[in-house]
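Let's take a walk through this one together, starting with the rings and then moving on to a helix. Have the structure open and follow along.

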Amino acid sequence: MTFLGLANFEGLGIKKSPSEAFGWYSRAAEQGSLDAQCSLGSMYLHGIGVEQSDSEALRLYSSAAEKGYARAQYNIGWMYYYGRGVKRSYDDAVRWYRMAADQGFPPALSNLGVAYQKGEGAPKSDEEAAKLYRMAADQGYHIALCNLGTMYFYGRGVQKSEEEAVKLWRLAAEEGHSDSQYNMGWAYQKGLGVEKSKHMAREWYTKAADQGHEKARRMLRLL
């Protein structure tokens with residue numbers, strides 16, 4: 001039933017139908033599917049196929065998180081970070097992110113890295129941030145690849161290397177990460193870590209701009 005919910009939500013082989021997805025997820029959640037409980041929580045959080053409700057999202061996430069489901073633990077951390085349905089608390093966000101990160105969940109590892117980099121709910125440490133970004137990047141997580149690339153570019157927590165930065169940005173950019181595509185455009189425009197190329201800069205900026213990246217659109221007008 002969880003798969004049928006996903007199929008209806010994503011339109012996998014059938015027409016997308018959030019309302020049908022909600023029905024299938026609900027039935028699966030009632031039977032104890034942690035994945036369905038978490039997916040149902042996200043539908044409530046974003047108001048997709050159901051009336052938006054932060055409190056109901058938190059209830060469903062909590063049900064799955066208490067049983068050790070990493071994605072739900074991460075989502076609760078996200079709610080604490082942004083103050084959605086709960087009082088905003090970086091300390092509580094980090095606590096939940098860490099639970100999911102301890103299970104190797106890439107988004108949690110990456111967000112925990114951000115917490116260390118910014119000193120939000122965790123001691124400020126570029127070295128720890130880079131370590132956590134690396135753990136998520138090694139699993140192919142695009143945001144972590146981009147963030148780790150930036151750490152290498154500026155030499156924060158790692159030895160400065162423009163070439164390594166571009167290598168990491170490229171990995172994420174080729175998978176469609178718009179910020180990384182923008183960074184690739186900028187690297188080619190300035191000749192940082194790669195041979196300077198206006199043509200390649202335009203190509204990468206265009207890919208980012210096509211996804212709505214405003215800075216990339218501005219750079220295209222200036223090329």
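How many aromatic pairs does a search of the whole structure find? This is a predicted model, and the search turns up 9 of them.

Take Y81 and Y82 to begin with. Y81 counts as buried because its relative accessible area is 13%, which falls under the 20% cut-off. Y82 has 46% relative accessibility, so it counts as partly exposed. Y81 also pairs with Y90: here the ring centres are 5.0 Å apart and the planes sit at 45°, so this pair is tilted. Y90 itself is partly exposed, at 29% relative accessible area. Bring in W78 and you have a cluster, with ring pairs linking W78, Y81, Y82 and Y90.

The charged end of K160 sits over the ring of F153, 5.0 Å from its centre. Likewise, the charged end of K207 sits over the ring of W204, at 4.4 Å from the ring centre.

Now for helix α7, residues 106-118. Is α7 mostly covered or mostly open? Mostly covered: 11 of its 13 residues are buried, among them P106, L109, L112 and Y116. The cover over those buried residues includes α5 (70-82), α6 (90-101), α8 (126-137) and α9 (142-154). Just past the end of α7, G119 takes a positive phi of about 70°.

Conventions: Residues numbered from 1 in each chain as written. Predicted model: local features only at pLDDT ≥ 70, side-chain atom pairs only at ≥ 80, totals over all residues. Heavy atoms only, no water. Buried < 20%, exposed > 50% of the residue type's maximum accessible area, 1.4 Å probe, protein only. Helix = DSSP H or I, 4+ residues; strand = E, 2+ residues; numbered from the N terminus. Contact = heavy atoms within 4.5 Å. Phe/Tyr/Trp six-rings, centres within 6.5 Å; stacked < 30°, edge-to-face > 60°. Lys NZ or Arg CZ within 6 Å of the ring centre and 35° of its normal.
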